Amino acid sequence: MGPSDRHDRLRRWQAASLLAAAPIASLSATDATASAPLQAPPGQQRIASAALVEVLHQRVLAGQSATATLESWCAEHGLAEQARVRAVRVHGQDKTAPADVLQALGATASTPLRYRRVQLACGSRVLSEADNWYLPDHLSPAMNQVLDTTDEPFGRVVGPLGFQRQTVTDQTFWPPRGEGDHGVILEVRALLRDRQQQPFSYVIESYLVQALP
């Protein structure tokens, strides 16, 4: 066998080796693709999140109590082991009622008015923050005592009044307004009226990104 023959045989052996290795490399690449977790493209994720914000928006508008709405939402999406919303009082941040709040309540600067700021939390998640100005004279002494001394949610305390909730303004935000866990996805301003249709509470509710599953 001459040098030329040996060289041809070597080239044929190298070519055969490459062909044999090619299917293995292709299979490995296919396996890697199949085993990788499937994730929606960022654009689709944004659309899905925006749609979920709108679902929460409509639930809040249709509900008579933000507390009850958030408890149902928390249970539906498994946001906590126990779907019970609790109010966490934020102290030391008293705010004077703006003129539009006084007007909506039919109050003046001399009308007895109380302010309560709370965070509504389910498990470890803070779902919303709320500024609430209310007329204590429209509530029973027992209700006022509970509101003054506990963190019980406002809607749960005043439930016996058979109140109705009137939305004043509402707006969604996606991407959230603000950053991190305190980014706001929905803001609702609402007026609460008792059975006699007398307004007794004005709330500004900011629903946070932590409300999303």
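Start with arginine 117. Its relative accessible area is 15%, so it is buried. This is a predicted model, so treat every value below as computed from it.

**Stop 1: a charged pair inside**

Arginine 117 and glutamate 129 form a salt bridge, with the closest N and O atoms 3.3 Å apart. The bridge joins distant parts of the chain: arginine 117 is in strand β2, glutamate 129 is in strand β3, and 12 residues separate them. Is glutamate 129 buried or exposed? Its relative accessibility is 14%, so it counts as buried.

**Stop 2**

Tyrosine 115 belongs to strand β2 (residues 114–122) and tryptophan 133 to strand β3 (residues 125–134), 18 residues apart. Both tyrosine 115 and tryptophan 133 are buried.

**Stop 3: zoom out**

Colour by secondary structure. The protein chain has six helices and six strands. From the N terminus, the order reads α-α-α-β-α-β-β-α-α-β-β-β. Now colour by accessibility. Of the 213 residues in the protein chain, 36% are buried.

**Stop 4: the aromatic cluster**

Select Tyr134, Phe154, Phe163 and Phe200. These residues form one aromatic cluster. Keep Phe154 highlighted for the next stop.

**Stop 5: the cavity**

How many cavities of 30 Å³ or more does the structure hold? It holds one. The largest cavity has a volume of about 230 Å³. Its lining counts 18 residues, and those nearest the centre are Ala66, Phe154, Gly155, Val203 and Glu205. Elements giving two or more residues to this lining are α3 (66–77), β2, β3, α6 (154–157) and β6 (199–208). Colour the lining by class: nine residues are nonpolar, six polar and three charged.

**Stop 6: the salt-bridge network**

A search of the whole structure gives 12 salt bridges. Select Glu71, Arg84, Glu152 and Arg156. A network of salt bridges links them.

Focus on glutamate 152 and arginine 84 within that group. Their closest N and O atoms are 3.9 Å apart, and the two form a salt bridge. The pair spans 68 residues, from arginine 84 in the loop between α3 and β1 (85–89) to glutamate 152 in the loop between α5 (141–149) and α6. Glutamate 152 has a relative accessible area of 27%, so it is partly exposed. Arginine 84 is at 44% relative accessibility and therefore also counts as partly exposed.

Glutamate 152 and alanine 87 are 65 residues apart in sequence, yet 5.6 Å apart in space, C-alpha to C-alpha.

**Stop 7**

Select glutamate 76 and arginine 59. This salt bridge has its closest N and O atoms 2.9 Å apart. Glutamate 76 is in helix α3 and arginine 59 in helix α2 (residues 42–62), 17 residues apart. What is the exposure of each end? Glutamate 76 has 48% relative accessibility, so it counts as partly exposed. Arginine 59 is partly exposed too, with a relative accessible area of 33%.

**Stop 8: along β4**

Select residues 164–177, which make up strand β4, and find proline 175 in it. The peptide bond from tryptophan 174 to proline 175 is cis, with omega near 5°. Then show phenylalanine 173 and arginine 177. The charged end of arginine 177 sits over the ring of phenylalanine 173, 4.7 Å from the ring centre.

**Stop 9**

Finish at glutamine 197. It is found in the loop between β5 (184–193) and β6. With a relative accessible area of 37%, glutamine 197 is partly exposed.

Definitions and conventions:
Residues numbered from 1 in each chain as written. Predicted model: local features only at pLDDT ≥ 70, side-chain atom pairs only at ≥ 80, totals over all residues. Heavy atoms only, no water. Helix = DSSP H or I, 4+ residues; strand = E, 2+ residues; numbered from the N terminus. Buried < 20%, exposed > 50% of the residue type's maximum accessible area, 1.4 Å probe, protein only. Phe/Tyr/Trp six-rings, centres within 6.5 Å; stacked < 30°, edge-to-face > 60°. Lys NZ or Arg CZ within 6 Å of the ring centre and 35° of its normal. 1 Å grid on protein atoms, 1.4 Å probe; cavity = no way out; pocket = protein on both sides within 12 Å on 5 of 7 lines; lining within 4 Å. Points joined across faces, edges and corners; volume = space filled by probe spheres on them. Nonpolar A, V, L, I, M, F, W, Y, C, P; charged D, E, K, R; others polar. Salt bridge = Lys/Arg side-chain N within 4 Å of Asp/Glu carboxyl O.
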